[in-house]
Amino acid sequence: MITIKTPTTRDDFKAYYALRYKVLREPWGHPKGTEKDDYEPISEHFMAVNEKGEVVGVAKLYEKSAGVGHISHLAVSGEHHHQGIGHLLVRTVEARAKERGFHSIGSMARVTATKFFEKYGYRVTGIPSLHFGTTHLVWMEKELT
Ligand SMILES: CC(C)(COP(=O)(O)OP(=O)(O)OC[C@H]1O[C@@H](n2cnc3c(N)ncnc32)[C@H](O)[C@@H]1OP(=O)(O)O)[C@@H](O)C(=O)NCCC(=O)NCCS
C-alpha cells in the first residue's frame, strides 16, 4: 500500500531528493544538485512511500504567484510507473492547494507528460522551452474549484 508523507527527518529528505535526482536528472547525466531549485525552502514536500518504507514518488508545492500553486518536480520511480502513484500525488497536492485557498494550479510539465496532466484537467497555456539543454517543458494550468 502506498501512503503519502511529508518528509521531516534528514533521512527522509535524503531519500526524497535521491528519488527526484534518479528520475529527473540522472538519466540525462546532470550533476548532483541540479535536482534542487531556489524554491525548496518555501515549498511543501510530498513523498509516496510503499509498504517497505521506500520512497517511490515525490512532488512539491509552492505558491508561484498570488493564488497560483505550482506542482513541481513530480517524479515516480520507473519500477513503479502506471500504479496510480503519480495521480495520487497530484490529487494530494491539489487538495493541499485548495486548502491554502489557491484559485488555480499549474506545472512546468515535460512535453512527454502533457497527456498525463491533461487527464486531470490541466491545459497547456505556455510555450515549450528547453530546460538544462535536454528536456522540453511547458506550463500547464487548471482552475481549482
Ligand atoms: C508522469 C509520471 C509522474 C506518471 O506517474 P505514474 O505513477 O506512472 O502515473 P499513474 O500510474 O498515476 O497514471 C495515471 C494515468 O496517467 C497515465 N499516464 C501515466 N504516465 C503517462 C504519460 N507519460 N503520458 C500519458 N499518460 C500517462 C496512466 O496510464 C494512467 O492512466 P489510466 O488512469 O487511464 O490508467 C511518471 O511517468 C514520471 O515520473 N515520469 C518521469 C518524470 C515526469 O515526466 N514528471 C512529470 C512532469 S515534470
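Visitor: What makes β3 and β4 a hairpin, and which residue in the turn has a positive phi?

Guide: β3 and β4 form a hairpin with 2 residues between them, and G67 in the turn has a positive phi of about 80 degrees. The two strands run antiparallel and are joined by 7 bridges, and strands pair if DSSP finds at least two bridges between them. Strands here are DSSP runs of E with at least two residues, and helices are runs of H or I with at least four, numbered from the N terminus. This is a predicted model, in which local features need pLDDT of at least 70, side-chain atom pairs count only at pLDDT 80 or more, and totals for chains, interfaces and linings use all residues. Residues are numbered from 1 along each chain as its sequence is written.

Visitor: Why is strand β3 called largely enclosed?

Guide: A residue is buried if 20 or more other C-beta atoms, placed from the backbone, lie within 10 Å of its own, exposed if 12 or fewer, and partly exposed in between. In β3 (residues 55–65), 8 of the 11 residues are buried, so the strand is largely enclosed by the rest of the structure.

Visitor: Why does T114 count as partly exposed?

Guide: T114, found in helix α3, has 18 C-beta neighbours inside 10 Å and therefore counts as partly exposed.

Visitor: Which residues is T114 in contact with, leaving aside its neighbours within four places in sequence?

Guide: Contact requires C-beta atoms, placed from the backbone, within 7 Å, and T114 is in contact with A109, V124, V138 and M140.

Conventions
Contact = placed C-beta atoms within 7 Å.
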